[in-house]
Amino acid sequence: MKHEATLPSAGAQSVDRALSLVSLIGRHSGAGLSLSAIVDHTGLHKATVRRLLLALMRAGLVEQAGESRTYHLGEEAYLLGLLAQNRHGLLPQAIDSLRRLARETGDAAFVSVRRGLHAACLHREDGGHPIRTYALMPGAHHPLGVGAGSLAMLAALPVDEAEAVMDANRAEMEAIYPRLSRDRLRALLAETRDSGVALNPGLIFEDSWGLGVALRGPHGQLVGALSLAAVESRMKHPRRDDLARALKDEGRVVERRLAAGAAPETQDEGTRR
């Protein structure tokens with residue numbers, strides 16, 4: 001009887017520990033965590049950590065990098081996050097702002113989130129202007145700093161963390177995005193931090209310009225970015241200033257909704273703030 005009585009407690013403890021590992025690895029999923037680092041963070045025995053990690057890997061919630069042997073969130077964790085986003089994610093809070101931006105500017109509006117060392121586009125809302133840029137599509141992943149929304153998120157990080165991200169992405173950036181040198185990226189980051197709006201002046205795809213603003217959650221944490229993309233002729237001054245103001249306005253709307261935990265609006269989309 002004693003053995004039967006202790007089983008639920010032991011099982012619950014294992015579940016609690018496994019979920020704690022998922023949360024820990026998720027907070028470090030960009031760079032990953034080594035086995036020894038996880039042991040240090042948790043205070044658990046190495047054998048216990050290894051057993052839990054193997055179970056999480058079988059479930060697809062955790063994966064191990066081939067060369068570094070560090071642990072990262074797995075594909076199943078990503079898929080579960082996508083399934084949860086309609087209830088808890090950024091997109092429901094941002095969709096009305098995206099639609100307003102696209103409708104009122106005629107350009108393409110986007111919401112993106114950080115995923116480790118990269119930015120992922122969650123949604124694209126096309127405006128009515130017939131000349132469009134297709135540089136960014138839903139599901140696309142780029143290193144942080146590549147594209148206006150991605151650049152806004154990188155600039156919103158503490159300087160030392162932004163530098164660490166650029167270090168980790170150096171090989172990919174040099175191989176795929178040679179126009180975005182480290183010095184050029186640092187200059188763009190400085191401009192973004194100064195103005196509060198990121199500008200991509202056609203550095204990824206020629207004649208595809210973008211503006212982006214970072215979004216912060218109720219506790220000041222980075223949660224994503226709003227951005228606009230258009231051909232160069234539609235991003236010249238003074239129109240660019242108008243677009244930047246519209247982005248900032250809608251960014252504040254989304255942040256207020258995140259802070260309030262509001263449900264998506266159901267009234268007519270024409271209703272302004």
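**Entry 1: the model.** I note that this is a predicted model, in which local features need pLDDT of at least 70 and side-chain atom pairs count only at pLDDT 80 or more, while totals for chains, interfaces and linings use all residues. Residues are numbered from 1 along each chain as its sequence is written, and side-chain values use heavy atoms, with hydrogens and water left out.

**Entry 2: the chain as a whole.** I recorded 10 helices and eight strands in the protein chain. Helices (H or I, at least four residues) and strands (E, at least two) are DSSP runs, numbered from the N terminus. The protein chain has 273 residues, of which 44% count as buried. Here buried means under 20% relative accessible area, exposed over 50%, and partly exposed in between (1.4 Å probe, protein chains only). I also looked up the accessible surface of the protein chain, which comes to about 14,400 Å², with 54% of it belonging to carbon and sulfur atoms. Accessible areas come from the Shrake-Rupley method with a 1.4 Å probe; for residues, only the protein chains shown count as cover. Among contacts (heavy atoms within 4.5 Å) between residues at least 6 apart in sequence, 52% join residues at least 24 apart.

**Entry 3: salt bridges.** Side chains of opposite charge can pair when their charged atoms come close. I took a salt bridge to be a side-chain nitrogen of Lys or Arg within 4 Å of a carboxyl oxygen of Asp or Glu. A search of the whole structure gave 16 salt bridges.

Is Arg 182 buried or exposed? I found Arg 182 to be buried, at 16% relative accessibility. Asp 167 is partly exposed at 44%, and Arg 170 is partly exposed at 37%. I noted one further salt bridge, between Glu 104 and Arg 103, with the closest N and O atoms 3.8 Å apart; Arg 103 is partly exposed at 43%.

**Entry 4: backbone.** Most residues other than glycine have a negative phi, and most peptide bonds are trans. Where does Arg 69 lie? I located Arg 69 in the loop between β1 (62-64) and β2 (71-73). Arg 69 has a positive phi of about 65° although it is not a glycine, and is partly exposed at 48%. Asp 207, in the loop between β6 (198-201) and β7 (208-216), has a positive phi of about 70°. I then found a cis peptide bond joining His 237 and Pro 238, with omega about 0°. Pro 238 is in the loop between β8 (222-231) and α10 (239-260).

**Entry 5: a helix pair.** I looked up helix α2 (residues 35-42) and helix α3 (residues 46-58), which pack at an angle of about 110° with their axes 10 Å apart. Axes are lines fitted to C-alpha atoms, for helices over the stretch in contact, and angles run from 0 to 180 degrees between N-to-C directions. The angle makes α2 roughly perpendicular to α3 (65 to 115 degrees; under 35 is roughly parallel, over 145 roughly antiparallel, the rest oblique). Leu 35, Ile 38, Val 39 and Thr 42 in α2 meet Lys 46, Val 49, Arg 50 and Leu 53 in α3.
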